[in-house]
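Dear colleague,

I am passing a structure on to you, and below it you will find what came out of a first look. Please read the notes with the model open beside them.

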Amino acid sequence: MQDARSLSTPISPADKLEEHGKPVDMGQCCELVGSLLYLSTQTRPGISFATGVLARYMHAPTAA
């Protein structure tokens, strides 16, 4: 790990998401977040934190 290079993440741990906007299709939203979860565990671990944050808002997805 001494020679490992760090990469910037797509979201900062200090960023907060807000729930506002009009509701969106729950099925499509679940499909998109599920695909991102697969990518984050199999091929793109750099997006795992951002995907986890998105997954927390799956109970009532809205559009910005």
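**Overall build**

In the protein, 77% of the contacts with a separation of 6 or more come from residues 24 or more positions apart, where a contact means heavy atoms within 4.5 Å. Please keep in mind that this is a predicted model, in which local features need pLDDT of at least 70 and side-chain atom pairs count only at pLDDT 80 or more, while totals for chains, interfaces and linings use all residues. Residues are numbered from 1 along each chain as its sequence is written, and side-chain values use heavy atoms, with hydrogens and water left out.

The protein has 2 helices and 0 strands, both being DSSP runs numbered from the N terminus (helices are H or I with at least four residues, strands are E with at least two). Its radius of gyration is 14 Å, whereas a compact globule of 64 residues would have one near 11 Å; the value is taken over C-alpha atoms, and the globule rule is 2.2 Å times the number of residues to the power 0.38. The C-alpha trace spans about 45 × 25 × 15 Å along its principal axes. Of the 64 residues, 16% count as buried (under 20% relative accessible area, with exposed over 50% and partly exposed in between, using a 1.4 Å probe and protein chains only).

**The two helices**

Helix 1 and helix 2 (residues 48-55) pack at an angle of about 150°, and their axes are 9 Å apart; the axes are lines fitted to C-alpha atoms over the stretch in contact, and angles run from 0 to 180 degrees between N-to-C directions. The two helices are therefore roughly antiparallel to each other (angles over 145 degrees count as such). From helix 1, V33, L36, L37 and S40 meet S48, T51, L54 and A55 of helix 2. The residues of this contact divide into 5 nonpolar, 3 polar and no charged (Ala, Val, Leu, Ile, Met, Phe, Trp, Tyr, Cys and Pro count as nonpolar, Asp, Glu, Lys and Arg as charged, and the others, Gly among them, as polar).

**Two residues to look at**

S40 lies in helix 1 (residues 26-42) and counts as buried because its relative accessibility is 7%. Leaving aside residues up to four places away in sequence, S40 touches P45, I47, S48 and T51.

T62 sits in the segment after helix 2 and, at 34% relative accessibility, counts as partly exposed. The C-alpha atoms of T62 and E19 are separated by 6.8 Å, although these residues are 43 residues apart along the chain.

Best regards

Methods:
Angles under 35 degrees count as roughly parallel, over 145 as roughly antiparallel, 65 to 115 as roughly perpendicular and the rest as oblique.
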